[in-house]
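Colleague: I would like to learn how to read a model of this kind, feature by feature. Could we take each general idea in turn and then look at the case at hand?

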Amino acid sequence: MTGPTEYETPVLIVGGGITGLSAAVFLARAGVRPILVERHPSTAILPQARAFSPRSMEIYRSLGLEGTIREHLSFLVDYPEMIGAETLTGPERFRADLLALVVPPEGLSPTDWAMIDQDELERVIRVAADSSGADVRFGTELVSFTEEGDGVTAVVRDVASGDLQRIRARYLIAADGNRAHIRNRLGVGADGPGVFINVVNFIFDADLSAASRERRFLLAYLDQPRPGATLSPLNEDGRWALAIPYQPEQGETPEDFTEERCAEYARLAVGLPDLEVELVSPVPEWTQKVTTTRIGAWVAQRYRSGRVFFAGDAAHVVPPSGSYGANTGIADAHNLAWKLAAVVRGQAGAGLLDTYEAERRPVAQVTMETAMQLLQDRREGSGEEATRVDDMAMIFGYRYDSPAVLADTPSPADRVEDPRTAGGRPGLRAPHLWLTRAGRRVSTVDLCAGGFTLLAGADGAAWTDAAKAVAAALDVDLAAHRIGAEYTDAENRFPGAYGVTATGASLVRPDGFVAWRARELPRQPEDELRQAMTRILARQP
């Protein structure tokens, strides 16, 4: 008998959901070819998340993928409302136009929300991963792994053939979902309320045109057949998904929810006792029509164990309210990938990898708390309560505090700040400004794509030479642009937005966050910039 086939890779990714696939694209575009394994035969087959935030779209925009993603938008683009009521036909407790409330105000971002089902988005990102050079292997499951010295050795199995493969990697990203098998195997626990709602889900066909009363809603919170039930459209042809809480602690089991009982529950939710209902399988080849999920909230106690990093649902789980879950996973991957790439390519010290947990774990904690409050408000409260979270602050205003950020002012106590007034402080996302060059409109967000970027004021010509010298000395990707000279800033907004003078500069990391700034030109800009880059990259001076 021959032994397992041997492979080597800088980074092994376990999990082919949106977090793992995004990590594969980010790494491959940064010059690091990962291997991704996923035990399922394909990307997601159900919608799961259905709204992706402007910040996620900024990230994908930096890869040139925004246009492709928007070619696959869901019909929900035209279904902006969320409602709360006892039944679909009954009086409303609240109704809110969610899309109008969460659209970024003019000048905050170059892009907007994308209403795309997660299964569609995963297909787009998988194609991008393949074309970027990532080695993506669906139908391949992790059997075992061990950390040995300077790497991780994993044994994986081809699900169809049973053939074993041994993969040697320098690092492993565990993006294996909310069951977090790898994290649990490593003995890393999680903090938070845990599972607090068990849900039965089923899909049914029914004509709800009269019950909908021309309302174009993407989600309805209903009190029937049980408080906390949610109803959402799956397509425009009368297919719906109903989720109903059940209580295993009182002896209820999924088997109690027969097709007949679920059909009756659908009638109760809609408020039409004579409604014709037909349950359908969520996947054509499945015979099972009723499934279960768990709603809970927790954050991993650590985001790293040796050479293994946890990302996405493996690191944090939040309730579905607010559309934070998948978007937070994408941001995890974006934060981690550039750091892994810098270390693998010898551009950064290993200490840079410690900043992943320091930056992303606090974001997950505040996101969990916000999503839980939203869930409670939307199930129990009024329309005002259901929409009172400042989404722009949650999407664009979270702050990183770590050695990879060189702060120049004391950090506020709150982890989230108003991005409209934050002033470009280090640790925050680099502000968006529209600029022009040769008659073409360009966002500062677009300029800060790829490697490090130095944005200098109109009178900061010396920064361009400094950036070239530092890039050569440290062998890093560092671009420099003068705002107000190379790019036209018609309203001269750059100094105020970034907190610098016309001779100052702001250093933006590959993930689009401000790492350091010089309010004005120092006597030796090259030395100052080199020292900043050396500290940020955890390199020996």
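Colleague: Which residue with a positive phi follows H2?

Modeller: Let me say at the outset that this is a predicted model. As a general idea, most residues other than glycine have a negative phi, and most peptide bonds are trans. Here the residue that follows H2 is Gly 64, and its phi is positive, near 75 degrees.

Colleague: Which residues other than glycine have a positive phi, such as one near 55 degrees, and where are they found?

Modeller: One of them is Arg 213, with phi near 55 degrees, and its place is in the loop between helix H7 (209–212) and S10. Ala 438 is another residue that is not a glycine and yet has a positive phi, of about 55 degrees, and it is found in the loop between strand S18 (434–437) and strand S19 (440–443).

Colleague: Is Ala 438 buried or exposed?

Modeller: The cut-off to keep in mind is that a residue counts as exposed over 50% relative accessible area and as buried under 20%. Ala 438 has a relative accessible area of 86%, so it is exposed, whereas Arg 213, with 43%, is partly exposed.

Colleague: Where is there a cis peptide bond?

Modeller: The bond that joins Gln 224 and Pro 225 is cis, with omega about 5 degrees. Pro 225 is found in the loop between strand S10 (217–222) and strand S11 (229–233).

Colleague: Let us return to the helix we began with. Is H2 mostly covered or uncovered?

Modeller: Helix H2, which spans residues 54–62, is mostly covered, in that 7 of its 9 residues are buried.

Colleague: Which residues is Tyr 60 in contact with, leaving aside its neighbours within four places in sequence?

Modeller: With those neighbours left aside, Tyr 60 is in contact with Ile 18, Ser 22, Phe 26, Leu 65, Glu 66, Ile 69, Leu 121, Ile 125 and Ile 330.

Colleague: How should I think about the nonpolar core, and which residues of the largest one touch the most other members?

Modeller: In soluble globular proteins, nonpolar side chains tend to be buried together. In this model the largest nonpolar core has 109 residues, and Tyr 60, Leu 478, Trp 516 and Leu 529 are the ones that touch the most other members. Helix H9 (residues 325–344) gives the most to this core, with 12 residues. There is also a second, separate core of 28 residues, which includes Ala 85, Ala 211, Ile 244 and Ala 263.

Colleague: What is the place of Leu 537, and what is it in contact with?

Modeller: Leu 537 has its place in the segment after helix H16 (525–536), and its relative accessible area of 1% means that it is buried. Leaving aside its neighbours within four places in sequence, Leu 537 is in contact with Trp 338, Gln 347, Ala 348, Gly 349, Leu 352, Phe 452 and Val 476.

Colleague: Is Glu 38 buried, or does it count as exposed?

Modeller: Glu 38, which is found in strand S2 (residues 35–38), counts as buried because its relative accessibility is 11%. Not counting residues up to four places away in sequence, Glu 38 touches Gly 15, Gly 16, Gly 17, Arg 137, Phe 138, Gly 139 and Thr 140. The C-alpha atoms of Glu 38 and Leu 142 are separated by 8.0 Å, although these residues are 104 residues apart along the chain.

Colleague: How many helices and strands does the chain have, and what is its radius of gyration?

Modeller: The chain has 16 helices and 23 strands. Its radius of gyration is 24 Å, close to the 24 Å that the globule rule gives for 541 residues, so the chain is as compact as a globular protein of that length. Of the 541 residues, 57% count as buried. Among the contacts with a separation of 6 or more, 71% are accounted for by residues 24 or more positions apart.

How values were computed
Residues are numbered from 1 along each chain as its sequence is written. This is a predicted model: local features need pLDDT of at least 70, side-chain atom pairs count only at pLDDT 80 or more; totals for chains, interfaces and linings use all residues. Side-chain values use heavy atoms; hydrogens and water are left out. A nonpolar core is a set of buried Ala, Val, Leu, Ile, Met, Phe, Trp, Tyr and Cys residues joined through side-chain atoms within 4.5 Å. Buried means under 20% relative accessible area, exposed over 50%, partly exposed in between (1.4 Å probe, protein chains only). Helices (H or I, at least four residues) and strands (E, at least two) are DSSP runs, numbered from the N terminus. Contact means heavy atoms within 4.5 Å. The radius of gyration is taken over C-alpha atoms; the globule rule is 2.2 Å times the number of residues to the power 0.38.
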